[in-house]
Amino acid sequence: MKSLDDLKKIKERAQAMTELREGNEEVRIVIGMGTCGIAAGARDTLAAVVDEINTRNLRHVAVTQTGCIGMCEYEPIVDVIRQGEPKVTYGRVTPEKARQIIASHVVNGQVVGDLVISSK
Amino acid sequence: MEFYRAHVLVCGGFPCVAAGCRAVRGEIERSVKEHGLEREVRIVETGCLGPCDLGPIVVVYPEGTVYSRVSVDDVSEIVGEHLMKGRPVRRLEYTERLPSVSQADHKRPDYFGIQERIVLENVGLIDPDSIEEYIARDGYLGAGMALTSMSPDEVISAIKASGLRGRGGAAFPTGVKLGFTARVEADQKYIICNADEGEPGTFKDRLILEGDPHKVIEGMIILGYSVGATMGYIYIRGEYYLSIERIERAIAEARRYGLLGHDLFGSGFSFDIEVKKGAGAYVCGEETALIESMEGKRGEPRQKPPYPGTCGLWGKPTVVNNVETIANVPPIVRNGADWFRQFGTPTSPGTKVYTLTGDVNNKGLIEVPMGITLREVIYGVGGGIPGGRRFKMAQTGGTAGGCLSETHLDIPMDYESLQETGSALGSGALLIIDDSHCVVDIACALLRFFEHESCGQCTPCREGTRRLHDIFRKTRELAATEKDLKLARELAGVMQASSLCALGQSVAVPLFTIMDHYADEIEAHLEGRCPAGVCRPNPANADESAYETLQAGNGIR
């Protein structure tokens, strides 16, 4: 440790490790993991979401799951909630579509219109 | 940096380790792997989360869900339901909010709202074995700022201005203490961290060291810089295995990152730390006895003056500070004295860490601002007295601390207010006692402790503790007279005036407060009656342990 800047560099890098516990995320991605969701392939969707966040090195994103919301037909269902914006619910999200949602909605703020089933 | 969508924090404070958290952690690791979640879920062993009698405790982020009393059998449900499907296991959930857990949505009642976390800001939130997690939470920033942009005098002035006072019990202003040592010319000075916390019922220092060891290291670096000491020692009880393990690992990590050793932050200042293990004698918490013990001699207090500030370890100027005091230093340097003064009272700024034990619903580790009342602690944070019983007595500051009765419930808990009642804030133990206990019986237990722990060097303490214990044993056996109690008072007064160190001097504190606040109850014992129904005569003249066996189970409980 030769200067204060060295310390700040480590801090930048290390913050990614603890920020999940600070509860101040900017985007929350919620994946339906009820029996219906899992049967429709939500496990793979979730894995793709986590992998995509990793590849893109995204910060301040939280990924959680929820149960069946009553639209089993549309599973796997993924909600994207950007701080201060309405919740957008996507249906029939395959792993590829999940990656697309992250690229366009989570990163760039552009809702993927084709996949939206509800927005409020 | 790998992204994990969930963090599972397993409490690794010693009470949770005793409750079996290691087995639970192993099972979580196994179960997570079995579900194929090991690349999505990170498992972290953290420091104490607070409610120590509810262990093992597990917290799942990002939700901040707290599970208490988790057994190995519960793990598959937590992993399968919560981590896999996002359905928290309600039956295991601890529904009160913990200050150590940050939760995105605070829908729950805020019972712990009066807590403030300065010393414990990272405890229960970070992995104590990871220096990077500490750095992520502004760790070592205070040391970096002090070493690169402040002069030693400026550091001392900042600490003086903050009004920080020693948290080990004596409440001496820390800045003033540093000033004494800084002024002395010497070829070598030392910083000692006193982690020999021996007061029965106190375990905060241990949990601070276990939960956030780097904070203590950082505090010692800053103190070393301020007085010109290049070497620090942590004197720690030998039986604090987990604290020793964690602090030694933290020291090695800090050396690896160049945060201990030569030329820190390019400032030219060098500092290193070594751990010294004590053998667990109560008197070695006294600073000069501690120094004697470190020098390899018998743990007996020295004559004062000279004080350690000018002539301490190996005859060199030495600053001895308590763990909690040292842990307050980095946030003060980082955030400034004014920030620190917004907590607590004008004469006792900051917070105090307590270990809340005894007859209270929420036992464990808490940190509250100075100056809140005993009632707020017991009925707010502590959740009241179990079993609908009535509050009888609180002992503050461990065995050498004073006792507070029901009339003191609304006194602010700070140094001055407690001193006025004849008590002291002390080391931070808060023992709550309900009305099923007898004060004479309690006094007897305290005096037995003092008799056992007296080092025997000076006569007033060695003989006085023994005689006082005898008198209170006699009172407990309902055989004492008024003359005996008068003698006890006189004896304790002599010990207070003439004992060599705080051990003998402070026996009077609990004794006088008990005798003053519960005079009626003690008087009843002279008339052959114990109002709490605990004490009884000892016609067969049984020895103490036999008497206590007979006595066990007495009382109105």
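Residues are numbered from 1 along each chain as its sequence is written, and chains are lettered from A, and ligands numbered from 1, in the order in which they are written. Because the model is predicted, local features need pLDDT of at least 70 and side-chain atom pairs count only at pLDDT 80 or more, while totals for chains, interfaces and linings use all residues.

Chain A contains an open sheet of 5 strands in the order E2-E1-E3-E4-E5, with mixed pairing. Here helices (H or I, at least four residues) and strands (E, at least two) are DSSP runs, numbered from the N terminus, and two strands pair if DSSP finds at least two bridges between them. Strands of a sheet pair through backbone hydrogen bonds, either parallel or antiparallel. Strand E2 (61-66) and strand E5 (116-119) of chain A stand at the edges with a single partner strand each, so one side of each has no neighbour in the sheet. Direction ignored, neighbouring strands of this sheet are turned by 20 degrees against each other on average. Axes are lines fitted to C-alpha atoms, for helices over the stretch in contact, and angles run from 0 to 180 degrees between N-to-C directions. Within the sheet, strand E3 (residues 78-82) and strand E4 (residues 88-90) of chain A run antiparallel and are joined by 3 bridges; A:Val80 has A:Val88 in E4(A) as its bridge partner.

Two helices lie across this sheet. Helix H3 (residues 42-56) of chain A lies across strand E1 (27-32), E2 and E3 of chain A and runs at about 160 degrees to E1(A). Helix H4 (residues 95-107) of chain A lies across E1, E2, E3 and E4 of chain A, at about 15 degrees to E3(A). The axes of H3(A) and H4(A) come within 8 Å and cross at roughly 45 degrees. The two helices, H3(A) and H4(A), are therefore oblique to each other; angles under 35 degrees count as roughly parallel, over 145 as roughly antiparallel, 65 to 115 as roughly perpendicular and the rest as oblique. Two residues are in contact if their C-beta atoms, placed from the backbone, lie within 7 Å. By class, the contact of H3(A) with H4(A) has 7 nonpolar, 1 polar and 4 charged residues; Ala, Val, Leu, Ile, Met, Phe, Trp, Tyr, Cys and Pro count as nonpolar, Asp, Glu, Lys and Arg as charged, and the others, Gly among them, as polar.

The contact between the chains takes 29 residues from chain A and 34 residues from chain B. On the side of chain A that touches chain B, helix H1 (4-18), H3 and E2 of chain A each supply at least two residues, and H1(A) gives the most, with 10 residues. By class, this side of chain A has 13 nonpolar, 10 polar and 6 charged residues.

In chain B, helix H6 (residues 152-162) and helix H7 (residues 174-183) pack at an angle of about 155 degrees, with their axes 7 Å apart. H6(B) and H7(B) are therefore roughly antiparallel to each other, and their crossing is left-handed. Among the residues that meet are B:Ile156 and B:Ile159 in H6(B), and B:Val176 and B:Leu178 in H7(B).

Chain B also has an open sheet of 5 strands in the order E10-E9-E13-E11-E12, again with mixed pairing. Its edge strands are strand E10 (364-369) and E12 of chain B, each pairing on one side only. E11(B) and strand E13 (residues 429-434) of chain B pair in the antiparallel sense over 5 bridges, with B:Gln395 opposite B:Leu431 in E13(B).

H20(B) lies across E11 and E12 of chain B, at about 20 degrees to E12(B). This helix, H20 (residues 508-517) of chain B, is mostly covered, with 7 of its 10 residues buried. A residue is buried if 20 or more other C-beta atoms lie within 10 Å of its own, exposed if 12 or fewer, and partly exposed in between, with C-beta atoms placed from the backbone. The buried residues of H20(B) include B:Val509, B:Leu511 and B:Ile514.

Key: A crossing is left-handed if the near helix is turned anticlockwise from the far one by less than a right angle, and right-handed if clockwise.
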